[in-house]
Amino acid sequence: MMMNSEIAYIGYDRRVSNRQYRRSGPRPSFDRDDIVNAAIEQGLTTFTMTSVARALNVSHPALYREVSSRHEIVMLAVERLVGLTQWPDPSLHWREAFSKIAHTIWDACDTYSGLDITILTTPGISGVAAKPLTSIAQALAPTPMGWQGAKITLEVIIELTLAAHIAVEAVRSTVEVDGKEKSGAEIQKQAWEGKVSADQADMLPQEAWLDNKGNFEEKLEIFLDGIGAKYGLK
């Protein structure tokens with residue numbers, strides 16, 4: 001998730017959307033909260049306008065009395081989830097703050113299906129997702145890292161966490177191959193059979209990844225070690 005040159009809350013301008021697209025007529029028996037709830041329950045990458053309408057027992061066109069598009073629903077849903085998330089205290093030690101941000105994002109992605117890839121790939125989402133992190137960047141600005149260093153470090157941690165979560169989800173997933181259900185870990189290991197030496201075998205996806213974060217913790221520690229060395233932070 002790339003942030004803007006200034007970590008600032010852009011938000012989603014509902015006034016423009018509503019003024020431009022909302023149709024006239026009787027007020028519907030549902031509201032945008034109902035639409036967002038249905039989308040989150042169905043998964044941010046899998047819901048459709050039709051599936052949401054079906055869940056609310058209304059017609060597809062009826063949704064446009066409350067929202068302008070699927071994109072608006074996604075923006076509202078992410079804004080909701082970011083607002084519900086308990087973010088770390090900005091006064092924490094720099095390393096603890098960054099680590100807690102990463103784990104907070106990971107836990108949110110575990111809880112809400114499709115949140116990881118949605119944040120990484122949805123245009124305009126960075127402003128919504130960055131709001132609670134502004135205070136953490138500001139708190140770190142007086143350190144040797146400075147505002148720019150804190151901002152870039154946050155960007156990398158967010159992107160690292162989201163990308164690592166997507167990779168682990170692929171290992172956790174199951175697909176049908178030749179009429180049999182196989183895990184992503186099993187499929188990847190079979191694809192690499194005979195292509196790595198015995199001493200490199202631990203680099204392959206492991207079944208244990210199904211219950212943890214894969215090697216994400218190691219990646220995060222290596223990155224934070226590098227940040228500490230770069231800025232002389234303890």
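Helices here are DSSP runs of H or I that hold at least four residues, numbered from the N terminus, and in this predicted model Thr-104 has its place in one of them, helix α5. Ala-108 also belongs to α5, which covers residues 94-111. Because buried means under 20% relative accessible area, both residues qualify, as the table shows.

| Residue | Relative accessible area | Class |
|---|---|---|
| Thr-104 | 15% | buried |
| Ala-108 | 13% | buried |

Once its neighbours within four places in sequence are left aside, Thr-104 is in contact with Thr-85, Gln-86, Trp-87 and Pro-88. Gln-86 can also be located relative to Ala-108: the two are 22 residues apart in sequence, while their C-alpha atoms are 9.8 Å apart in space.

Helix α4 runs over residues 70-84, and because its 15 residues at 1.5 Å a residue should span 21 Å, the 21 Å between its end C-alpha atoms agrees with that expectation. The N-terminal end of α4 is capped by Ser-69, a side-chain oxygen of which lies 3.4 Å from the backbone nitrogen of His-71. The buried residues of α4 include Glu-72, Glu-79, Leu-81 and Val-82.

The structure holds one cavity of 30 Å³ or more, and the volume of the largest cavity is about 130 Å³. Its lining comprises 14 residues, with Val-82, Trp-87, Ile-105, Ile-119 and Ala-129 nearest the centre. At least two lining residues come from each of α4, α5, α6 (115-121) and α9 (146-172), and α5 gives the most, with three. By class, the lining has 13 nonpolar residues, one polar residue and no charged residues.

Notes:
Residues are numbered from 1 along each chain as its sequence is written. This is a predicted model: local features need pLDDT of at least 70, side-chain atom pairs count only at pLDDT 80 or more; totals for chains, interfaces and linings use all residues. Side-chain values use heavy atoms; hydrogens and water are left out. Buried means under 20% relative accessible area, exposed over 50%, partly exposed in between (1.4 Å probe, protein chains only). The expected span of a helix is 1.5 Å times one less than its number of residues. A polar contact is a pair of N or O atoms within 3.5 Å; within protein, one must be able to donate a hydrogen and the other to accept it, and residues adjacent in sequence count only if both atoms are side-chain atoms. Contact means heavy atoms within 4.5 Å. On a 1 Å grid over the protein atoms alone, a cavity is a set of points where a 1.4 Å probe fits but cannot get out, and a pocket is an open set with protein on both sides within 12 Å along at least five of seven lines; lining residues have an atom within 4 Å of a point. Grid points are joined across faces, edges and corners, and a volume is the space filled by probe spheres set on the points. Ala, Val, Leu, Ile, Met, Phe, Trp, Tyr, Cys and Pro count as nonpolar, Asp, Glu, Lys and Arg as charged, and the others, Gly among them, as polar.
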